Amino acid sequence: MGDMVAVLYDETPLHRDNFLKLAREGYYDGTLFHRVIKDFMVQGGDPDSKGAPAGKQLGTGGPSYTIPAEMNYPKLFHKKGALAAARTGDEVNPERRSSGSQFYIVTGKVYKEGELRQMEQQMQMQQLQQVFNNLCLQHRDEIITLRKNRDQAGLQALQERLEKETYAQGEKMEKVSIPADVKEVYTSLGGTPFLDGQYTVFGEVIEGLDVVDKIQAVATAPGDRPKEDITMTVEVTE
């Protein structure tokens, strides 16, 4: 559908070197953009997508390794055109290690200031929830004992104590927020700010964003696979 030029970040050397190695080997040539969601992202890099028949479920293929997360937020963030590594979910991948080959290019949307403020509030609530979850883990044995004894009053008292401790710790913590320069990009160029700190951004498209827009506009089948295959060839230039 056209040519794109992307740069890879030196701040994410593991992802940079892995992508360059695979590209030089021709690993990506003939693979598909197998998952396309308008106003979100276009994803590719699954080796199983090469010559995949229509209707085949894609998205689980890749080399036999994963890559340690190299998140560098807020310096590197999910602005439109960002190149980031796909991965499996937190429930099976708490370290947020990246897929060995699959990646996505952000399309996203342009946000209003109010939307970003609301997102910051949600991030702060998630921060508190994580503190509460950690406290629950520290009191795991006590919680199990109370449940075994069906001590509802004891459970309620413990919950209230942990909630107070959560808010006490929260008061001492620096509140998560979106930096002003990052907000400026999200309110002008756009992107997917809710992915920041969740996935490794390791590059960006600097030419051919119109091609990304063409890809995200195609018709898709159930499972978000384009109805007509969109293949890629990746070449490395120094």
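The legends below accompany close-up views of a predicted model of one protein chain.

**Figure 1. Overview of the predicted chain and its secondary structure.** The chain has 238 residues, of which 41% count as buried. Its secondary structure comes to 6 helices and 8 strands. Read from the N terminus, these elements follow the order β-α-β-β-β-β-β-β-α-α-α-α-β-α. Taken along the principal axes, the C-alpha atoms fill a box of roughly 65 × 40 × 35 Å.

**Figure 2. The largest pocket and the elements around it.** Rolling a probe the size of a water molecule over the atoms shows where empty space is left. The largest pocket holds about 890 Å³ of space. Its lining is made by 30 residues, and those closest to the centre of the pocket are Met4, Val5, Ala6, Val234 and Glu235. Two or more lining residues come from each of strand E1 (5-8), helix H1, strand E7 (103-106), strand E8 (201-207) and helix H6 (209-216). Strand E1 supplies the largest share of this lining, with 4 residues. By class, the lining of the largest pocket consists of 19 nonpolar, 5 polar and 6 charged residues.

**Figure 3. The largest cavity and its lining.** The structure contains 2 cavities of 30 Å³ or more. The volume of the largest cavity is about 70 Å³. Its lining is formed by His15, Asn18, Phe19, Tyr28, Ile67, Ala85, Ser99, Gly100, Ser101, Gln102, Phe103 and Phe202. Helix H1 (residues 13-24) gives the most to this lining, namely 3 residues. The lining of the largest cavity has 6 nonpolar and 6 polar residues, with no charged ones.

Figure 4. Although Asn72 and Thr200 are 128 residues apart in sequence, their C-alpha atoms are 7.7 Å apart in space.

**Figure 5. The contact of helix H3 with helix H4.** Two packed helices are described by the angle between their axes and the distance between the axes. For helix H3 (residues 140-148) and helix H4 (residues 152-172), the axes come within 9 Å and cross at roughly 155 degrees. H3 is therefore roughly antiparallel to H4, since angles over 145 degrees count as roughly antiparallel. On the side of H3, the contact is made by Glu142, Ile143, Leu146 and Arg147. On the side of H4, Gly154, Leu155, Leu158 and Arg161 take part. The residues of this contact comprise 4 nonpolar, 1 polar and 3 charged.

Methods. Residues numbered from 1 in each chain as written. Predicted model: local features only at pLDDT ≥ 70, side-chain atom pairs only at ≥ 80, totals over all residues. Heavy atoms only, no water. 1 Å grid on protein atoms, 1.4 Å probe; cavity = no way out; pocket = protein on both sides within 12 Å on 5 of 7 lines; lining within 4 Å. Points joined across faces, edges and corners; volume = space filled by probe spheres on them. Nonpolar A, V, L, I, M, F, W, Y, C, P; charged D, E, K, R; others polar. Axes fitted to C-alpha atoms, helices over the stretch in contact; angles between N-to-C directions. Parallel < 35°, antiparallel > 145°, perpendicular 65-115°, else oblique. Contact = heavy atoms within 4.5 Å. Buried < 20%, exposed > 50% of the residue type's maximum accessible area, 1.4 Å probe, protein only.
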